[in-house]
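Welcome, and thanks for taking a look at this one. Please have the sequence and the 3D view open side by side as you read.

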Amino acid sequence: MNSADSAVRGALLQLTSPGMLAALVAALCAALVAYIVARPLAARRLRTAPDLPLPAHGLEHALEGMVVLAPILAALATLFAAHVLIGALGTSTAPVDAVARIVTALLLIRPGVFVLGLLLGPGSWVRSRETLITVILWVITAVALLGWLDAIEAGLNRINLVPGRFSLWALLKGLVVVTAFVVVASLIARAIERHVMRLDQLAVSTRVGVSKSTYFLLVGLGVLLGINAAGVDVTTLNVLTGAIGLGLGFGLQAVASNFVSGFVLLMEKSIKPGDVISFTTHGGASAGNFGWVQELRGRYVVVRDRDGVDTLVPNQNLITSSFINWSYSDQRVRLKLPVTVSYEDDPEVALKLLVEATENHPRILRDPPPVSRLISFEDNGMRLEIRFWIADPVNGVNNVRSDVNRAIWRIFRAHGVKIPVPQQETRLLEPRARAYPGALGGPAAGADQAAD
C-alpha cells in the first residue's frame, strides 16, 4: 500500500513540476496559435474554391498543402519560442522538447497522408478520411515517442483471443501491416491504371480489363504479403480458403460467374463503352430494346435506353444469351420495311414510290442506294419491301422506320396506291331437306306410287 501511495505521489510531483507546467502552458499556446492561423486560411480557401478549377494541377495542390501545413508550422514556431523563454528562466526544457517532437511528427504525417490521398484519387477512402487517418497515425507515433509503446504491447499481449496462439496485440499489428501493404498495392495499381488508360492504341475495353485485373491482382497479393509479414503462416489459411472455395461453388456461384464473365467480355472486346446493343429473342435488324453501354463493371454492365433509364445487366447474361451489337465491327446497318399493296395496283409503280419515299431522309445512305423488292403474293395483296442503309444506329433506328413509314403513307395516298385491309366474307346458305325412305316426295314414295 505504501509503495502504491509513493508511486502516485511521485507521479503527482512530476506532473506539477515547473517544467511540466511550463510545457503544458506552451502546448496550449501552440494549439491556440494553430487555431488562429487555420481559421482564416480555411475561410479563404472556401471563398476562393468556386473561382478555381478542380484540383488537377500542381499549383492548386501546393496551395491546398500550404493550408494544411501552416497551422502545424505556427505551432512549432510557438513551441520554439517557449523553449527559448523557458531555458532563459532556468527551467528544464525537456517536457517542451517532448511536445515539440510530437508536433514535428504531425508535421511529417499530415503531408504524407495528404499526398497519399492525392495519389489514390479524389474518390478514395484515404482522401475522404484524411483527418481520421492522420489522428490515428499521430497518436501511435506519440505513444512511441513517449516510450509507452512497450508497456501497451505487453498489456495487449496478455489478452489472448486464441489461448496461447493469438493475442489482441497480434491482431492490431496484423491489421496495421495488412493495411500498409494494401495501400502500397493500391498506389502501384493506380499508377499502372493511369498509364494504361493513356494508351490510345489499345481498345477501351482492353484498357479497362487490364486496369481492373491488375488492381485486383495487386491488392490480393498485398493482402497475402501483409498477412505473412504480420507473422501469420499463410499455410494455416488452407481451411479458410477451402471454405471460401466451397462457398463460391454453392452460394456464390452466380457472383463468381458474373465476375469471370466480366473479365471475358473485357478481354475478347465483344462489348465496350459506347456500343449500341439490343436484347431480343430473334435476330436481324428489326430487333428492338436498344441501349447504350455506359460502364463495364466487375459484376454487371450498365446499359442506358432511349428513355434515360439505366439497366444493370449481369455479365453472365451477355455471355450465355444472344444480343445484337450494332457497332461491333461496322456502324452501318440495313433496315427492311414490309408493305402490302392491293392486287388492283401496278407493283412496278409501287416499287418506284417506295424508293422515292426514302430519297429525302438525311440519315439514309445513298451508297449503297435504297432498293425495293416484290417479296411474295399473299392472301390480301402483294407483299413489297423497301431496304435501305443507315450509318448511325447510335442515334436510333425506330425513328428512321417511323419517318419512312409516314413518307410511304403520304406518297401512296398521293398516287392512289391502296394498302389493303384483311377482309373476311361470310356466306349464309339455306339448309336442304334430308332425303329418307317414306318421306313426302322422296324416292321411296315415288316408287310406291309407280307400283300402284
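Here is a short briefing, going from the whole chain to a few local features.

What you see is a predicted model. The protein holds 15 helices and 10 strands, and its 452 residues include 30% that are buried.

**Overall picture**
- Of the contacts between residues at least 6 apart in sequence, 63% join residues at least 24 apart.

**Strand S3 and its partners**
- Strand S3, residues 276-279, pairs with strand S4, residues 290-296, in the antiparallel sense over three bridges.
- Within that pairing, Gly291 of S4 is the residue opposite Ile277.
- S3 also pairs with strand S7, residues 323-325, again antiparallel and over three bridges.
- On the S7 side, Phe323 is the bridge partner of Phe279.

**Helix H13**
- Helix H13 spans residues 347-357, and its buried residues are Ala350, Leu351, Leu353, Leu354 and Ala357.
- Viewed down the axis of H13, these buried residues fall within an arc of 160°, so they line one face of the helix.
- What do the buried residues of H13 pack against? They meet strand S8 (333-341), strand S9 (371-377), strand S10 (382-390) and helix H14 (398-415).
- At the start of H13, the backbone nitrogen of Glu348 has a side-chain oxygen of Asp346 within 3.1 Å.

Technical notes. Residues are numbered from 1 along each chain as its sequence is written. This is a predicted model: local features need pLDDT of at least 70, side-chain atom pairs count only at pLDDT 80 or more; totals for chains, interfaces and linings use all residues. Side-chain values use heavy atoms; hydrogens and water are left out. Helices (H or I, at least four residues) and strands (E, at least two) are DSSP runs, numbered from the N terminus. Buried means under 20% relative accessible area, exposed over 50%, partly exposed in between (1.4 Å probe, protein chains only). Contact means heavy atoms within 4.5 Å. Two strands pair if DSSP finds at least two bridges between them. The arc is that of the directions from the helix axis to the C-beta atoms. A polar contact is a pair of N or O atoms within 3.5 Å; within protein, one must be able to donate a hydrogen and the other to accept it, and residues adjacent in sequence count only if both atoms are side-chain atoms.
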